[in-house]
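Reader: I'm new to this one and would like a close look at a single part. Could you walk me through the place where the two chains meet?

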Amino acid sequence: MAAMIEVKNLTYHYPEVAQPALDHISLTVEQGEWVAIVGHNGSGKSTLVRAIDGLVDFSEGEVTVAGIKLTPDSVWDVRKQIGMVFQNPDNQFVGATVADDVAFGLENAGIPRDKMIQKVDAALKQVDMAAFSDREPSRLSGGQKQRVALAGIIAMNPSIIVLDEATSMLDPHGRQTVMDVITKLRQSEKAPTIISITHDLDEAARAQRLIVVNDGQQLATGKPAEIFANEALLASSGLAQPFSTRLARSLAQQGSVHPDHYLSDTEMEDWLWQSHLTM
Amino acid sequence: MLEQLTLGRYVPGQSILHRLDSRAKLLLSLYLIVIVFLTSNWLTYVFMFILVGGLIAMTGLKVGYFIRGIGPLIWLIVFTAVLQLLFTPGGHVYWHWGVLMLTSTGIATAVSVFLRFLLIITMATILTLTTAPLAIADGVEAMLKPLRIVHFPVAQTALMLSVALRFVPTLLDEATTIMNAQRARGVEFNNGGLIKRLRAIVPLLIPLFVGAISRADELATAMEARGYQGGDGRTKYRVLHWRSADTMAVISVLIINIVLVVFRHLN
């Protein structure tokens with residue numbers, strides 16, 4: 001697999017802040033991979049993806065996206081490769097109606113109108129919002145707005161989709177529908193590379209790989225199961241433990257048998273069924 | 001309070017007036033408002049009122065919307081008419097006391113000011129009730145287009161207008177939330193004298209401004225991430241269509257103008 005995103009030695013200081021937001025960070029994301037970046041508030045996750053999109057000017061280091069090195073001249077070419085969904089559904093809705101908002105990126109790219117109409121319709125269908133195309137944002141729920149934001153990105157057909165805490169302001173149902181859209185996208189023929197920044201451990205567990213970021217540095221990377229099994233790492237990076245890990249620990253405290261390695265919720269369920277049978 | 005305002009509100013519908021091109025509607029409404037000042041005798045007023053009544057009927061909306069549209073402005077209209085009534089000299093003097101007087105010219109001016117106000121407000125209400133804010137923004141953009149010759153940033157102005165309109169309900173919601181939050185902390189918005197009330201506005205205004213600035217910042221980032229590089233080289237998703245009904249509307253307004261001029265010179 002080819003590397004889609006390569007970050008080398010990236011460093012960024014916010015003006016008038018001594019502590020760097022990104023401190024010599026290096027990482028690689030493969031093509032078609034789903035990577036989740038986790039870390040506590042202020043650990044530099046958002047700054048990292050914004051630097052990759054050329055939205056913050058980093059002072060040191062090198063970013064290469066889909067073979068294009070990020071420079072002030074190439075920034076618009078890099079941005080064409082990346083579609084970003086941000087946290088607040090209200091503050092990224094540009095258009096006056098759903099269809100207008102989905103069309104915004106296409107308008108910027110100078111796509112002819114008849115093609116634009118097809119793409120907007122197709123993208124809205126993909127996120128199940130076709131019936132809402134002439135609605136105004138104030139009449140939509142947060143989850144619906146976030147689906148529109150996703151449609152705006154799907155219409156552009158980027159090779160990378162970045163979800164910058166895109167589900168953090170949604171209720172569990174809205175979160176689920178956004179995640180379902182992403183899962184559906186992953187199954188499509190030309191599966192995009194996905195980077196999701198999240199505090200939601202269930203969401204993180206769906207990714208193929210986790211990157212733990214702390215104080216602008218990459219603390220660890222690995223499969224969700226490996227990271228979640230490492231209690232010391234979770235504690236030092238200020239992350240919560242997943243439910244199944246907490247359950248296993250409670251079982252140990254009660255003195256009963258408990259699994260000796262990390263299990264996801266469904267794996268835990270199976271394990272409990274089986275252990276009950278053999279007990 | 002903010003929800004009851006009908007002036008400038010849009011009510012969705014399917015009437016002929018709803019479907020007219022927004023450029024035609026905007027231009028013709030302005031034109032109709034200007035030619036209201038051609039009214040002079042009772043014939044012209046009767047004609048204009050029949051016309052406005054006809055337009056209201058054409059919108060297919062309840063008359064209540066229009067009455068409520070005039071409601072908040074009725075005091076302004078009455079105030080202006082009363083001033084005209086009491087301070088206009090000329091003609092036959094019926095009564096006077098100091099500078100106050102009641103003259104035949106005064107009565108005539110007061111009546112015409114009152115009627116013209118009524119006509120103008122009703123016509124403006126017809127425009128806003130039948131035209132979505134977005135369509136008005138599109139219409140304004142189309143009308144600004146000639147200014148490109150003098151390097152006026154038409155596309156940017158249009159985008160600003162459409163973003164502003166899109167954020168009106170969002171900011172209204174936020175204002176209500178902040179107001180309630182401050183009320184919960186003991187700020188009284190509807191009590192006390194002028195100074196006290198003005199001071200109570202500060203805890204509402206400052207968070208609203210700060211919120212708007214951070215929203216603008218996030219919106220700008222999102223727009224940039226989606227490839228917005230300014231007005232040039234963009235295509236447009238939304239286009240306006242000029243139909244035969246729009247041409248008909250222009251012709252009818254011109255006929256109305258001619259009729260009005262003819263009626264003005266009768267008597």
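Reader: How many residues does the contact take from chain B, and how many from chain A?

Author: Happy to. A quick word on the ground rules: this is a predicted model, where local features need pLDDT of at least 70 and side-chain atom pairs count only at pLDDT 80 or more, while totals for chains, interfaces and linings use all residues. Residues are numbered from 1 along each chain as its sequence is written, chains are lettered from A and ligands numbered from 1 in the order in which they are written, and side-chain values use heavy atoms, with hydrogens and water left out.

Now the contact itself (heavy atoms within 4.5 Å): chain B puts in 26 residues and chain A puts in 37 residues. Together the two chains bury about 2,900 Å², and 53% of that lies on carbon and sulfur atoms. Buried area here is the accessible area, taken with a 1.4 Å probe, that two parts lose on being put together, summed over both. On chain B's side, three residues stand out: Arg166(B), Arg226(B) and Tyr237(B) supply 32% of the area that chain B buries against chain A, more than any other three residues.

Arg166(B) turns up again in a salt bridge with Asp90(A), where the closest N and O atoms are 3.7 Å apart. A salt bridge means a side-chain nitrogen of Lys or Arg within 4 Å of a carboxyl oxygen of Asp or Glu, and the rule finds five of them across this interface. There are also 16 residue pairs in polar contact, both residues being at pLDDT 80 or more. That term covers a pair of N or O atoms within 3.5 Å; within protein, one must be able to donate a hydrogen and the other to accept it, and residues adjacent in sequence count only if both atoms are side-chain atoms.

Where on chain B does this side come from? Helix H8 (154-184) and helix H9 (194-225) of chain B each give at least two residues to it, and H9(B) has the largest share, with eight residues. Helices are DSSP runs (H or I, at least four residues), numbered from the N terminus. By class, the side of chain B that touches chain A splits into 12 nonpolar, six polar and eight charged residues. In that count, Ala, Val, Leu, Ile, Met, Phe, Trp, Tyr, Cys and Pro are nonpolar, Asp, Glu, Lys and Arg are charged, and the others, Gly among them, are polar.
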